[in-house]
Amino acid sequence: MATLDTLKKALMKKASATTSTGEQSLSDEQYSTGFDFFLKEPAWKAYRDFIIPQLSQLLGPLFQSRLRISLLEIGPGPRSILGHLPNDQKQKITKYTAFEPNRLFASKLEDWFRSKPFPSLEHAASINHSAFTPHVDLYKTPSPQAERFDVILFCHSMYGMEQKHRVISKTLNMLPRRPSGGMVVVFHRDGLQIEGVTAHRTLTFPTGVVTVPDTDNDLDSFAQFIAGSAAQDDALRASWRDLCRELGLCDTAHPDKISFSAPEIMVVFTRTSSYTGWPTQSVKEMKAVKNREACRRLPGATLQPKDIASIQNRVQWALCKRTGVTVLGGGHSGHCLWPSISMIDMRLLNEVHVIVAKNTMSGSLVVAESGCSTGDIIRKCLEYGLTVPLGARPSVGAGLWLQGGIGHLSRLHGLACDAIVGAVVVSVDSGKVFSVGQVPDQHRPRDAVQLEDNNLLWGIKGAGTNFGIVASVTFKAYPAPTYTVRNWVLSFNDLATAGAKLREFDSLIAQGLPKSCSADAYLFWNQDRLHIGVTMFETSAVTSCVTLVALTRAYKILGPERSIQIVDSMGVFDTEMYMSEMHGGHGGGKTSSFKRCLFLKNIGENDIATLLLKAIESRPTALCYLHLLQGGGAISDVPADATAFGCRDWDFACVITGVWPRDQDGNKQATAAVRWVYEIAGILLPLSTGAYGADLGPDPRDAALAAKAFGPNLVRLARLKQRWDPQNVLSYACPLPTPPKDPKLIVLVTGESGAGKDFCAAVWTSLFTKNNITSCVSSISDVTKRAYATATGADLNRLFGDRDYKEQHRVALTTFFQNQVKQRPQLPQEHFLEVVHGANSDVLFITGMRDKAPVVAFSHLVPESNLVEIRIEASEEIRRARRGLEAVDDTHKDNEGNYSPSVTISNNSDGKSAATAAFSKHLLPLMLPSLQRLKDMVRQIVDFPKTDINFRHILGVSQSRGGLSLCISLLQTHFTGGWSQISSIVCVETGGFIFASALALKVDVPLALVREGGKLPPPVVSVAKDVSHISGLTGNKEQMIEIEVGVIPKGRKVVIVDDVMATGKTLCALLKLLIKVGVDVKDIFVMVVAEFPFHKGRELLYKEGFGNVSLQSLLVFRGA
């Protein structure tokens, strides 16, 4: 079926060609009749599955951060789509304004509002019976505040609008400056073109369909609605009906209806969206864009960097504007251009440098800039007698190398990404330049930061379009071979015979080939017969290397070859069967194609062979085919987790290729071919060992394939994405999932050997399970044991399970770990994160922790987890008995000096009593649902008090119904001390006053007020306080804080209560003040409502000598 955009162009072309002058604008009734087709199934599916859920998800964070929401809707129709939002979101809408020029729609909209769809409206909805234009004056009286809207929505209301970019510009100026976060949201059927304005985000829904009854009246109404004008001439109406029937799809299941493809697009603009300052290059002028799907899109702007500095400039611009970018290399990806999203065209960075090793070619390197094509690299390498294992087409670019790269040398040398040994990358998080891996000195930018951590290089080798703008890649080079290429083409009258031949090809030919040879197969239809084509590539630096046995079998099974050629690394590109022989050759721009690739084993097995043959039998066009590229060899020699490309266990890569004549782009042949590709991919996916990520993007139809694109590496890649592209600037690359959240609660179980750490952790895990809370136990020392076993040959299983064996290696293990830390000081943090990221539970218990002050050392690494330490103590006699030793080695005393664990429990008794009591008192309260309810009350305010700060409004809890009461109750019950022993609750203005006052009333303990200097009557004691994190952002400077003398009795215990702890500067000043008035450090407890571990407040306390102060926080948040 043709797309609506194609249909509209055809209708308008037919109208312009007619001599009739009988066209006129649609009446309101005619428009309403045409609009109704899109409110029925299957067209309503686009609303149900895309528009409504995407709108709700998009608006969720904004609505959560606001108490009141104002909305402007342009062209809502007879009722607002916002009426389908969840009730909690509709409750937030306090102001609604609409522009609806259709009088029928406006009248129905007014009727709809009588049902009070938005119950919190402060005034009646304002519905203007007129069109919205760039010149509209919304309010007669000037009131800048009144003209601001948090959300401005166009839902299918930009059709026919002139100067769309000016309309968008007008609405962007109607968003509030403070608070930021407002947005303009446009839903449009495919074909939206807004020049010069860069979007914040773009999403598509390519599977929308609209169906029209095949009657003259219905087709007349539908055609004029799509064309945007009424045809008064009978001849033109008849021509339009003919076009609808010609371009639409009428299937046998519904012979009385005609269907059209109606893809949807969502484009989101924010106040940071603006004219880019760079020109929007016409796609038609960009000959480098070879993908026909991408050619239909207009990017927000294009930039061709000439050097790395200009790439950095573009990245900084994208970060400032909070928009994504796409990257154009070879132009084969369907996602290299995206509507209204800026594109970086790398074609000017196209140099290739060959560094020949002295005395041998085995160490030679090739540095290729990311604007190079495969042909550029191979051609340059041949000058030195070298090659690189790249893809099978000379025009493909960096996207192929970075995401795998399957070619004729893959079985011999591995994938293209396996040959990558280094890269120069521009960070999309900071704009800095990084050098990773082995990059020759002369090709490393002077300002590049050399990364010692190889995680980024690991990710680049297979998923390299996701983490930064790769400016250049360093490849390992190999001696250039000659190729002997043999082609066979066999035709068949039936599937059974073809299936038997495919089985012979797989088992008797392909499986017997050496690594230096590969055999590809093609399944295609030609001249009403099924064909199987086979191409055998033999690579050798001297002579043909295929074994006589394999070649004899090939002749016996396939007969004489149709052709044989001996070519070099450039000539081999022209030998591809689909380019030269199949259907007369697909080259020369005669056809367009769409493809997806899956990895298969045992293609000769009956089930798989039958599916493959039936797939090609069901082809929608005569030009579609399946290409089976042989794998194995060096591809499978690489462990799945050695690079990001985790799909290694396959015999053939099956490229499902839908092809149609290029003059049919956008018509029913094109849409049918694309649909066929996805249908076959869906059928084969359960039988596959993975999918090829190089073709995949944000298209929702790719989601199932992307989930199988990286084998066991998906979670690790998701975390790497979060680390290197936290703002999702490269959001149009092969999609990676959101990484799983870290455990809500992480408990470090510490204590001396024999105290019962493992036993208690096991008991607590069991008790959490009984409370329907998932938990697990991991030993951080297991990470070291694995590395130690690999390095020394020790028995890993015995290190894990044999206590005596482990004791024999204890000293060596400790020495091994200490030596590793000397070489890599960050190793303890890496081990900690490895354990945390390996957990898949709400609660994680970590044993084997030997670090001093571990909560101080690690809390900032898990800023959304509550990290506590429980130290288990037992007498020396008990510990000795438990370990079966006469003496206990106490040379290492955990947590001595300026540090105290969160909780200390005694575990001298046998059985579970001590562990069970500790669970009820200290652990279970940390996972109560009431804590989550409190957390949900904390609003996040974007860009406050300045840009790029996501502010958590902790004090806003007191403005929520029941919020203050809940918070105070939790502060009271979570306190690990006894309130009867507390003489004063200490608080500092302003936030601390709110929570401390209510808590003091509840527990009947007096307040001790700490205020800014000069606000308390003398005598007072004062200290200097550095500015807090948020105060520093607003320009405040150091100030004095003071407390009245004598307000705290001597020798008594106190609790400091505050709203937040971030950097710890305020808390440090408070502690110094209390010590100055005579309070002992051991008598001070601290309770805060929310902690922000990212700012390392605990580390400051530890450095200032307050590491042993008891500090409890109810909530933890990432950010400010």
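W401 is in contact (heavy atoms within 4.5 Å) with A368, E369, C372, S373, T374, I377, L390, A416, C417, I420 and F475, leaving aside residues up to four places away in sequence. The model is predicted, so local features need pLDDT of at least 70 and side-chain atom pairs pLDDT 80 or more, while totals for chains, interfaces and linings use all residues. Residues are numbered from 1 along each chain as its sequence is written, and side-chain values use heavy atoms, without hydrogens and water.

W401 belongs to the largest nonpolar core, which has 118 residues; together with I377, F475, F505, L612 and I656 it touches the most other members. Helix α20 (residues 668–684) gives the largest share of this core, nine residues. A separate second core of 60 residues includes F35, L55, A98 and A227. Such a core is a set of buried Ala, Val, Leu, Ile, Met, Phe, Trp, Tyr and Cys residues joined through side-chain atoms within 4.5 Å; buried means under 20% relative accessible area and exposed over 50%, with a 1.4 Å probe and protein chains only.

In helix α16 (residues 548–558), A550, L551, A554, I557 and L558 are buried. They lie on the same side of α16 because they cover an arc of only 135° around the axis, taken from the directions from the axis to the C-beta atoms. L548, V549 and K556 are exposed on the face turned away. G559 follows α16 with a positive phi, near 85°.

Strand pairing requires at least two DSSP bridges. Helices (H or I, at least four residues) and strands (E, at least two) are DSSP runs numbered from the N terminus.

| Strand | Partner | Sense | Bridges |
|---|---|---|---|
| β39 (residues 1007–1012) | β41 (residues 1039–1044) | antiparallel | three bridges |
| β40 (residues 1020–1025) | β41 | antiparallel | six bridges |

Opposite I1041 in β41 stands E1012, and opposite Q1039 stands K1025.
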